[in-house]
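Student: Could we go through the strand pairing in this model together?
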Amino acid sequence: MFFHIVLERNMQLHPRHFGPHLRDKLVSKLIKDVEGTCSGRHGFVVAITGVEDIGKGLIREGTGYVTFPVKYQCVVFRPFKGEILEAVVTMVNKMGFFAEAGPVQIFVSNHLIPDDMEFQSGDVPNYTTSDGSVKIQKESEVRLKIIGTRVDATEIFCIGTIKDDFLGVISDPGAAV
Amino acid sequence: MASIEPFNRLVRLAARAFYDDISMKGDNQPKTSRGDNRGMAVVVLDALTRRQWVREEDLAKALKLHSKQLRRILRFFEEEKLVTRDHRKESAKGAKAHNVAAAAVASDGPPVTKEGEEKIKMHTHSYCCLDYAQICDVVRYRIHRMKKKLKDELDSRNTIQHYICPSCNKRYSAFDALQLVSYTDEYFHCETCNGELVAESDKLASEEMGDGDDNVRKRRREKLKDMQQRIEEQLKPLVAQLERVKNLPAPEFGSLQTWERANIGAFAHGDPSVADSSRNSQGQYGTPMPYMGETKVEVEMLGDGVKEEGTESGKNGSELKVLPPWMIKDGMNLTKEQRGETSKASKLDEKSEAKDDKKQDSKDDQIIQEEYIKAYYEALRKKQEEEEAKRRMQQEGETIVSDSQSERQVGKKYKREDEDEGNATEQYKLADLNAEAQESGDDEDDYVWEEGSVE
């Protein structure tokens with residue numbers, strides 16, 4: 001789920017940036033530092049949408065670096081248990097398949113794949129129904145439900161299932177070509 | 001005519017099914033044996049089925065409960081979405097208005113007004129009422145969730161797969177999948193010994209399982225299945241009632257204000273036009289309202305209405321299974337025989353749905369039995385007279401042929417007749433048929449035998 005929230009961060013700026021563009025430098029550094037990171041609490045920071053407030057800088061003794069407390073608005077993405085996501089399959093193996101929904105990695109183990117889908121090894125490993133009408137392979141797009149999340153300080157990993165109504169392949173790359 | 005009775009039955013069933021052992025204890029209260037009030041929730045719900053909007057103080061008084069205790073229960077039910085509550089600040093006059101409305105509903109009940117309460121000025125009063133439409137949904141949803149949860153667990157859906165390394169017995173969960181995946185083959189590999197991991201199969205509710213062995217798993221599976229079965233059979237009456245109620249319009253009392261206006265209407269209290277309109281809106285559902293109200297009314301109904309009730313349910317149980325009791329309420333022109341016949345069936349009914357027929361005490365049963373016997377003898381006598389006439393006619397022409405064989409046959413027939421009684425189908429018609437068949441036959445003697453044995 002996406003959230004638009006305000007976060008705060010202490011930015012350290014090298015003295016060489018001090019000058020008329022100090023503020024711009026600070027913001028660009030913030031974007032570079034923060035976007036794409038993941039915190040267990042808030043999820044993945046997708047984009048910074050604005051800087052609310054930059055506090056008074058504090059010069060660090062000895063180094064000359066200045067620390068600015070910066071408040072910024074950003075869009076974060078945090079997966080939740082029970083959430084339905086659309087994801088792209090990145091890897092298929094006998095144990096299941098991995099998929100990505102943006103920055104989030106999701107693993108769907110083979111017992112959470114419908115029973116009528118069988119693993120087919122070979123050049124392009126895939127899961128296929130007996131009549132061959134549905135095929136899950138690399139680059140397939142699937143709709144899945146998250147049934148578990150493991151949230152570390154800097155990482156979020158999810159377990160998904162496609163063994164439920166309206167879940168499964170939503171577009172088949174093989175069929176599209 | 002939409003009746004409230006099936007809905008009340010639903011509420012009572014649901015109360016007993018789900019709120020039987022809810023204990024309404026404050027967290028800070030010491031748990032003494034005296035304070036054990038499990039089952040109180042059921043009592044409150046039952047009481048509410050006999051009322052519409054009721055002031056909580058009045059309800060507390062009627063139930064001899066402390067108002068705080070009652071409020072706690074009601075708050076619980078409000079959270080459970082069974083009960084709607086309304087709070088408002090009102091003077092004694094406002095309270096009076098409600099009393100008038102309540103009195104209008106329970107037209108022959110005693111006036112609810114209590115002198116002591118009139119003196120209290122501007123108090124916040126709470127009112128509560130069952131929300132029948134919502135109750136149906138809530139109960140249905142609850143059952144659905146229960147079943148789904150069990151089914152999911154049985155199908156081992158939504159459980160996290162676990163993997164185990166056969167060589168070093170290290171366990172991994174699917175959360176570790178990213179680290180375990182190997183790019184050389186399509187299996188997971190142990191982080192320490194690089195052995196191939198195998199999935200732990202037949203996993204049930206892995207969170208609770210811990211590292212149980214196969215036995216534990218099997219037992220758990222059996223337990224789940226057993227639970228599923230028990231849910232099916234124990235909730236059967238409730239589900240049946242839900243089915244019956246499904247297509248009926250739920251009784252609605254509207255908000256406290258509309259209800260009060262509707263019931264006060266006759267007393268020219270407030271804007272008459274508004275009262276009229278709200279009354280009309282309630283009209284289709286509201287007709288049976290006056291029949292329920294104070295507890296007293298209900299008790300009276302029980303006193304002289306039980307016979308009627310018994311036969312109703314009996315009839316229901318035997319031949320009109322699909323026909324709900326409220327449909328045949330007014331068409332009850334039962335003959336004595338029918339009443340007698342059905343008493344047995346009603347007893348059966350009682351057994352199967354013992355919960356509902358608690359009210360029926362043994363005394364009433366006796367009455368029914370007496371009726372039954374009376375009816376039975378009457379019918380028998382009638383038949384005897386018929387036989388007598390027939391025999392006289394036959395005796396003129398024929399001689400009596402009687403042998404042991406025919407007697408045995410008749411014994412059989414008699415037995416069958418007995419069974420028919422048990423089934424409470426149209427026994428007397430069957431008996432007549434028998435008589436007709438025997439007219440052509442040669443065994444009049446059996447009737448003598450039969451008469452002797454019965455009387």
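Tutor: What follows concerns the strands and their partners. This is a predicted model, in which local features need pLDDT of at least 70, side-chain atom pairs count only at pLDDT 80 or more, and totals for chains, interfaces and linings use all residues. Residues are numbered from 1 along each chain as its sequence is written, chains are lettered from A and ligands numbered from 1 in the order in which they are written, and side-chain values use heavy atoms, with hydrogens and water left out.

Student: Which strands pair with β12(A)?
Tutor: Strand β6 (residues 84–93) of chain A is one of them, running antiparallel to β12 (residues 141–151) and joined to it by five bridges. β13 (residues 156–161) of chain A pairs with β12(A) over six bridges, also in the antiparallel sense.

Student: How many residues lie between β12(A) and β13(A)?
Tutor: Four; the two strands form a hairpin.

Student: And which residues face each other there?
Tutor: Ile146(A) stands opposite Gly160(A) in β13(A). Val142(A) is opposite Val169(A) in β14(A), while Glu141(A) in β12(A) is the bridge partner of Val88(A).

Student: Changing topic: what is the strand order in the open sheet?
Tutor: The order is β9-β10-β11 in chain A, with antiparallel pairing. β9 (117–120) and β11 (135–136) are the edge strands, each pairing on one side only.

Student: How many bridges join β9(A) to β10?
Tutor: Four, with β10 covering residues 126–129 of chain A. Glu118(A) stands opposite Thr128(A) in β10(A).

Terms used
Pairing = 2+ DSSP bridges.
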